[in-house]
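These are short notes to read beside the coordinates. They cover a helix pair, a strand with its neighbours, and some backbone features.

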Amino acid sequence: MTISLPDQQGHWGQFGGKYVPDTLMTALDELIEAYADFQKNATFQAILLKQLKDYVGRPTPIYHAQKLSKLLGKATIYFKREDLAHTGAHKINNTLGQILLAKHMGKNRIIAETGAGQHGVATATACALHGLECVVYMGAEDIARQRMNVFRMELMGARVIPVEAGSKTLKDAINEAIRDWVTNVDNTYYCIGSVVGPHPYPMMVRDFQKIIGEEARNQIKKEEGQLPDVIVACVGGGSNAIGIFYPFLQDEIEMVGVEAGGEGIEPGRHGATLCHGKVGVLHGAMSYLLQDDDGQILPTHSVSAGLDYSGVGPEHAYLRDTKRVHYTSVSDEQALEAFRLVSENEGILPALESSHALAYAIKMARSASENRLILVNLSGRGDKDLDIVEGLV
């Protein structure tokens with residue numbers, strides 16, 4: 001089975017690495033050293049575990065979706081309920097860890113990027129808790145789609161900076177955050193929201209998110225007396241997916257990462273990087289990218305603001321090429337149908353990101369020839385998406 005560990009330079013095979021300006025190499029080396037110290041620091045680790053328990057509400061439960069399972073036929077479907085974590089998504093697991101690390105490093109100014117707004121909200125939340133300055137870069141298009149999350153960030157004291165460049169989405173927000181970091185590297189910590197960017201971020205964010213899979217592993221064995229047959233998670237940058245996949249990588253379990261199929265396979269109409277991308281370098285790491293023949297990054301589309309990234313985490317690229325994880329996509333229409341079906345039958349409003357994973361699990365359950373135990377990572381709740389889905393479902 002695949003053992004997914006990067007080398008000392010942060011490579012999984014050819015993927016990953018540190019492709020950044022010289023200005024940031026010292027900062028990354030400092031971060032690598034600080035993170036190694038942080039992992040061994042019993043005081044900070046104890047604070048993090050206590051905050052995950054008392055502030056975030058961990059462990060989040062797994063939930064047997066009985067009505068949905070019965071409706072679909074031969075499948076037993078469970079949700080890992082990251083939507084029940086404080087702030088409404090898995091993002092808080094990572095931001096609390098990184099903000100504690102920033103304090104450990106003596107950094108008092110935090111910058112972040114956000115797409116759907118959940119990472120921005122989680123960063124603003126952690127900064128409010130720890131009394132740190134917070135600046136969040138967000139694409140102007142995403143701000144228009146996720147107005148309520150912008151308001152939540154501002155209520156917690158964060159300054160949200162609209163990004164008008166490029167496609168005005170997550171890719172462009174990351175570009176601006178990196179420019180800020182280069183300019184203010186001495187006092188600023190860049191809190192990346194997914195398993196993307198230069199080493200050590202993909203490894204570090206995965207480590208903060210693997211609690212999802214560690215909990216789920218114990219919970220499903222307790223409930224069903226076995227591990228799941230299949231684990232399904234949505235993939236944009238890929239943090240919720242790697243968080244649930246990682247603790248199961250050495251088990252004989254099928255894993256499926258579901259990308260945004262959008263409105264079709266034409267360039268600019270989807271966000272399915274692992275399905276249709278080519279290898280290249282973006283935001284400090286080598287991975288699969290949506291790019292044209294000249295290496296220019298293509299625009300993306302998804303009904304979900306959190307899945308329209310032009311790249312993907314390098315560990316996912318490695319898991320794709322080693323065939324340990326299967327990556328596929330579902331369309332906007334399929335995700336919206338899954339949103340409706342789960343809302344009506346389980347009384348749970350899933351995030352549009354999570355609805356992509358649910359759509360694939362639903363398709364799998366409908367076509368199953370024998371009963372299968374399916375675990376879906378319900379990475380966030382759908383309150384933030386109600387303005388988008390109104391009139392569409």
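1. Helix α14 (residues 332-346) packs against helix α15 (residues 352-367) at an angle of about 85°, and their axes are 7 Å apart. Axes here are lines fitted to C-alpha atoms, for helices over the stretch in contact, and angles run from 0 to 180 degrees between N-to-C directions. The angle therefore makes α14 roughly perpendicular to α15 (65 to 115 degrees; under 35 is roughly parallel, over 145 roughly antiparallel, the rest oblique). Helices (H or I, at least four residues) and strands (E, at least two) are DSSP runs, numbered from the N terminus.

2. From α14, the contact (heavy atoms within 4.5 Å) is made by Q334, A335, L336, A338, F339, L341 and V342. The α15 side supplies L352, S355, H356, L358, A359, I362 and R366. By class, the contact of α14 with α15 holds 10 nonpolar, 3 polar and 1 charged residues. Nonpolar means Ala, Val, Leu, Ile, Met, Phe, Trp, Tyr, Cys and Pro; charged means Asp, Glu, Lys and Arg; the others, Gly among them, are polar.

3. This is a predicted model, in which local features need pLDDT of at least 70 and side-chain atom pairs count only at pLDDT 80 or more, while totals for chains, interfaces and linings use all residues. Residues are numbered from 1 along each chain as its sequence is written, and side-chain values use heavy atoms, with hydrogens and water left out.

4. In strand β5 (residues 109-114), 6 of 6 residues are buried (under 20% relative accessible area; exposed is over 50%, partly exposed in between, with a 1.4 Å probe and protein chains only). R109, I111 and E113 point one way from β5, and I110, A112 and T114 point the other way.

5. β5 pairs in the parallel sense with strand β6 (residues 133-139) over 6 bridges; pairing requires at least two DSSP bridges between the strands. I111 stands opposite V135 in β6. β5 also runs parallel to β8, joined by 3 bridges, where I110 has Y189 as its bridge partner.

6. Two peptide bonds deserve a check. The bond from R58 to P59 is cis, with omega near 0°, and P59 is in the loop between α2 (42-56) and β3 (62-64). The bond joining H199 and P200 is also cis, with omega about 15°.

7. Which residues other than glycine have a positive phi? H283, at about 50°, is buried, with a relative accessible area of 9%. K323, near 65°, is exposed at 72% relative accessibility.
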